[in-house]
Amino acid sequence: MTVVADMQCGSVAARTTPPILGVEELGVRYGALEALAGVSWQVEPGQILGIIGPNGAGKSTCYDAVTNLVVRSGRVVLDGEDVTKVPAHALASRGLRRAFQQNAFFDHLTVLENMVAVLQDDWGTSFPGCIFRPLAERRRAADARAAAAAQLARMRVEPRFHDRYPTEIPYGTQRMLSIALAHGGGAKVLMLDEPAAGLGGEDMRALVELLGALRDDGLSIVVIEHHMDLIMSVADRIVVLDQGRMLAEGTPAEIQANDAVLDAYLGRSE
């Protein structure tokens, strides 16, 4: 596995900042199967939280529970607001955004048009406006394209790819595009499910740089990841799940030294 260079993590010495996202006692059952039980964690503004664990540990189920995609027990608080009963489709407008394991985009639109599409709440035009204010709406459409191009560049999607279709660009750039589309124009919390899947070399380094830059901008990020070198490099804190339950929580150094985690997941080096 390619080792990712260490990056400076934000301070976690004092927890004085209220969490931007907190989950309490999350539980999910599928009939007799208890897929998630008593899971609680929080992430602060400008912090990266990593969620790790072996296959079947409940990581993706945890994401589904947080974003109300499954029937679950427990409580979810976003930016001081109890959003436990808020439906999944309404969480994005409150700033809780999620990217899935698979790349997701509109194949029939160019990369730039994909980005414009997800910025419609801020830059969308109306049919009456196009009829009665065509020049103003044309300027607004141009501004939307400029905003989309700027956001893509921020997300490490180079301008030379903006006029191409997503299926025509390199896989690593597709991953960045998926993150850009999930983030949209202003996420408070971005939940990423294995963003490094299939990446290596320069693409992996670009992802590390992007996550660090987003955190430095104040974005809170929750990352499920199997690449231990990546997660140990970028995460401020890590939650370890095993068989649907919390096994450990702490800084990367604390997790690497945790006997229960070493025995159950990371393994020991003799």
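**View 1. Burial of T110 in a predicted model.** T110 counts as buried at 12% relative accessibility, where buried means under 20% relative accessible area, exposed over 50% and partly exposed in between, with a 1.4 Å probe and protein chains only. The residue is found in the loop between β6 (96-99) and α3 (111-118); helices (H or I, at least four residues) and strands (E, at least two) are DSSP runs numbered from the N terminus. Leaving aside residues up to four places away in sequence, T110 touches H162, D163, R164, Y165 and P166, a contact being heavy atoms within 4.5 Å. The model is predicted, so local features need pLDDT of at least 70 and side-chain atom pairs pLDDT 80 or more, whereas totals for chains, interfaces and linings use all residues. Residues are numbered from 1 along each chain as its sequence is written, and side-chain values use heavy atoms, without hydrogens and water.

**View 2. Helix α8 and the residue that follows.** The 16 residues of α8 (residues 201-216) should span 22 Å at 1.5 Å a residue, which agrees with the 23 Å between its end C-alpha atoms; the expected span is 1.5 Å times one less than the number of residues. Among the buried residues of α8 are M204, L207, V208, L211 and R215. Just after α8, G218 adopts a positive phi of about 100°.

View 3. Over residues 1-14, pLDDT stays under 50; pLDDT is the predictor's confidence in each residue, from 0 to 100. For this segment the model has 29 contacts beyond four places in sequence. The chain has a mean pLDDT of 86, and 85% of its residues reach 70 or more.
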